[in-house]
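Hi there,

Here is the structure I promised to pass on. Please have it open while you read my notes below.

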Amino acid sequence: MKVTITFLALIAVAFAAPQTNQDAEAQVLRYDSDNIGIDKYSYGFETSNGISQQEEGELTNPGSENESIAVRGSFQYTGPDGVVYQVNYVADDNGFQPQGAHLPVSP
């Protein structure tokens, strides 16, 4: 459930930027998906308008009460100001932990 919410939040961030004609006409340049059973996954994509994302997830503590999925990934896009924003993230038992040059860092 956490992974689904995290994934949807990331998609929302990527598409929150105002759409331009370039965005409306964007084409997928690369899409990779590697499903290795039910305990691992990975995927990545890149579009012609500069949006890209890579993510991999792995089941941790399988079969136990603490079973969960640990996810690592990154995404980038060009903002309306022309700056390329990149976010690296981890989502695991400690929650969603994004890192990016434009994101505030807690003390």
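Is E46 buried, partly exposed or exposed? At 35% relative accessibility, E46 is partly exposed (buried is under 20% relative accessible area, exposed over 50%, partly exposed in between, with a 1.4 Å probe and protein chains only).

A word on the source: this is a predicted model, in which local features need pLDDT of at least 70 and side-chain atom pairs count only at pLDDT 80 or more, while totals for chains, interfaces and linings use all residues. Residues are numbered from 1 along each chain as its sequence is written, and side-chain values use heavy atoms, with hydrogens and water left out.

Now the charged pairs. There are two salt bridges in the structure (a side-chain nitrogen of Lys or Arg within 4 Å of a carboxyl oxygen of Asp or Glu). In one, R30 meets E46 at 4.0 Å, N to O. R30 sits in strand β1 (residues 28–35) and E46 in strand β2 (residues 40–47), so this pair ties together parts 16 residues apart in sequence. Strands here are DSSP runs of E, at least two residues, numbered from the N terminus. R30 also pairs with D32, at 2.7 Å, N to O. Through shared partners, R30, D32 and E46 form one network. R30 is partly exposed at 28%, and D32 is partly exposed at 41%.

Then there is Q53, in strand β3 (residues 52–60), which is buried at 3% relative accessibility. The Q53 side chain makes a polar contact with that of Y43 at 3.0 Å and another with that of Y89 at 3.1 Å (N or O atoms within 3.5 Å; within protein, one must be able to donate a hydrogen and the other to accept it, and residues adjacent in sequence count only if both atoms are side-chain atoms).

Best wishes

Conventions:
Helix = DSSP H or I, 4+ residues; strand = E, 2+ residues; numbered from the N terminus.
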